[in-house]
Amino acid sequence: MSKNHKRSHNSGLNRREFIARTSLGAMALGSSGLWAPRVFGAEESAPSKVLAIFLPGGCDGTRLFANTLLATGTGAFGVTPTSGVALNPTETDPANKVTVDVMFNQLNPFAKSHFGVVGVAHGITAHGPAKAAHFTAAGKSGILSLASAMGGSGSIKCAAVGAELPFGPTAAVGGVTVQQINDMQSTIDALGGGVPDPTMPGRDLAAAGIAGSLAMSGGTFEGNPDSLITVASGYKVAQETLKKPKQAFNPEELKAAYNLTSTAVTSMMAKMAAAELMFASGTNVVTIVDGGGAQWDTHGDTTGARARAAFQTRILPALKLFTDRNITETAAFNVHVMIFGDFNRSAPGSDHAGTSSVAVIGPRIKQGSTGNVDAQIRLPAGTAGTDGLWGLMGHLSGGPTVASAVVPAGNPHTRLVKA
């Protein structure tokens with residue numbers, strides 16, 4: 001997919017193109033009801049979901065959730081005995097200790113007890129290549145490979161909520177493409193939760209209209225299989241959605257829970273609400289890219305104050321609410337949230353380090369770390385690169401088979417997966 005196509009994906013659309021291309025207007029229903037309590041006999045039988053939150057510019061895991069700097073005694077980035085809290089205080093192996101910033105104490109007990117830190121030794125210190133690398137697995141898109149390997153009956157398997165698209169490869173994997181969501185109302189309507197509009201055609205007529213549009217555009221799609229793949233996929237998704245029965249739910253509950261006054265996906269709260277909606281609609285993987293890139297490129301932040309303040313104000317309130325609703329003992333899905341950025345920050349100047357420490361929170365994570373760094377912000381020798389990160393996410397989402405479908409080598413971080 002070219003850069004030009006990526007830009008056109010964000011451009012204004014006419015009504016027919018909007019219906020065809022936006023996953024909000026083309027959501028298939030999963031087998032579970034929205035926000036229903038867990039009714040599965042075992043944790044592993046619940047459907048798996050992945051929320052990837054990317055903080056471009058360089059979210060620094062060393063000061064947020066990989067505080068082994070305590071052991072070095074350097075005081076780098078303001079890491080002190082009172083700045084962090086050990087989530088696994090009885091762990092005797094320093095390399096496996098999870099010491100997060102004290103702000104994470106606000107998360108619910110289940111989320112804190114299912115919190116892991118993943119090391120990524122990518123060796124890249126430039127923003128562009130680092131962004132792309134974090135979304136790459138075995139030369140393909142990590143999010144698309146994962147969403148495809150997870151399978152399921154959802155029409156949209158991978159969605160990006162908000163104005164920012166994920167980085168890295170854009171070519172479809174297994175027929176799966178990224179569908180962008182900028183407003184929740186169309187999804188709400190497709191699910192059957194909107195106010196009936198007598199001026200709109202019935203679902204059967206709409207499906208027939210989309211089928212006709214797809215037939216008329218078939219030659220164009222066949223002649224441009226790469227640049228128009230997202231558009232073609234959108235038509236097919238819309239067809240599949242409209243053939244499924246509507247699912248009734250109360251959209252006002254979702255808006256009220258996230259304190260939203262509209263369905264536009266702009267704020268972090270709205271993005272988290274949209275992610276929850278997409279999961280209930282059958283989506284496997286949802287991405288959130290924070291638009292405040294400058295917030296995370298914290299050069300000169302030797303005390304870590306700027307990075308902590310940015311996370312506490314921009315991310316934590318919505319993260320806490322989302323995890324309180326979706327990462328609990330009774331949640332309807334096995335949701336795993338991953339939080340990452342371009343790279344850790346180097347010491348002492350908070351510049352670019354060639355490593356990442358990625359937080360993963362979810363029910364199948366075994367509390368522990370492969371992402372703890374030394375005083376030079378280095379990871380242990382042999383730590384895997386980005387393939388290892390996506391192999392782990394595959395393992396969490398469906399076991400070793402899914403992991404090896406995402407990356408041939410599978411998951412090198414097996415000690416972070418609950419038996």
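**Cavity lining, sheet and local geometry**

Mentor: We may begin with a lining in this predicted model. That of the second largest cavity comprises five nonpolar residues, four polar ones and no charged residues.

Trainee: Which strands each supply at least two residues of the lining of the second largest cavity?

Mentor: This cavity has a volume of about 40 Å³, and the count comes to two cavities of 30 Å³ or more. Its lining includes Ile339, Phe340 and Gly341, together with Ser356, Ser357 and Val358. Strand E10 covers residues 334-341, and strand E11 covers 356-361. The strands that each supply at least two lining residues are therefore E10 and E11.

Trainee: Which strands stand at the edges of the sheet?

Mentor: The open sheet has eight strands with mixed pairing, in the order E8-E7-E9-E1-E10-E11-E4-E12. An edge strand has a single partner, so one of its sides is left without a neighbour in the sheet. The strands in that position are E8 (179-181) and E12 (368-369).

Trainee: What is the bridge partner of alanine 160 in E8?

Mentor: Strand E7 spans residues 158-161 and pairs with E8 in the parallel sense, over three bridges. For alanine 160, the partner in E8 is glutamine 180.

Trainee: What angle does the direction of helix H12 make with that of E9?

Mentor: Helix H12 (residues 268-281) packs on the sheet and touches E1, E7, E8, E9 and E10. Helix H15 (residues 386-398) also packs on the sheet, touching E1, E4, E10 and E11, and its direction makes about 165 degrees with that of E10. For H12 and E9, the angle is about 170 degrees.

Trainee: How many residues apart in sequence are the parts tied together by the pair of phenylalanine 54 and phenylalanine 340?

Mentor: The structure holds twelve aromatic pairs. One of them, phenylalanine 54 with phenylalanine 340, is edge-to-face, with 4.9 Å centre to centre and 80 degrees between the planes. Because phenylalanine 54 lies in strand E1 and phenylalanine 340 in strand E10, the separation in sequence of the parts tied together is 286 residues.

Trainee: What is the phi of alanine 138?

Mentor: Alanine 138 belongs to the loop between strand E5 (136-137) and strand E6 (140-141). Although this residue is not a glycine, its phi is positive, at about 55 degrees.

Notes. Residues numbered from 1 in each chain as written. Predicted model: local features only at pLDDT ≥ 70, side-chain atom pairs only at ≥ 80, totals over all residues. Heavy atoms only, no water. Pairing = 2+ DSSP bridges. Helix = DSSP H or I, 4+ residues; strand = E, 2+ residues; numbered from the N terminus. Contact = heavy atoms within 4.5 Å. Axes fitted to C-alpha atoms, helices over the stretch in contact; angles between N-to-C directions. 1 Å grid on protein atoms, 1.4 Å probe; cavity = no way out; pocket = protein on both sides within 12 Å on 5 of 7 lines; lining within 4 Å. Points joined across faces, edges and corners; volume = space filled by probe spheres on them. Nonpolar A, V, L, I, M, F, W, Y, C, P; charged D, E, K, R; others polar. Phe/Tyr/Trp six-rings, centres within 6.5 Å; stacked < 30°, edge-to-face > 60°.
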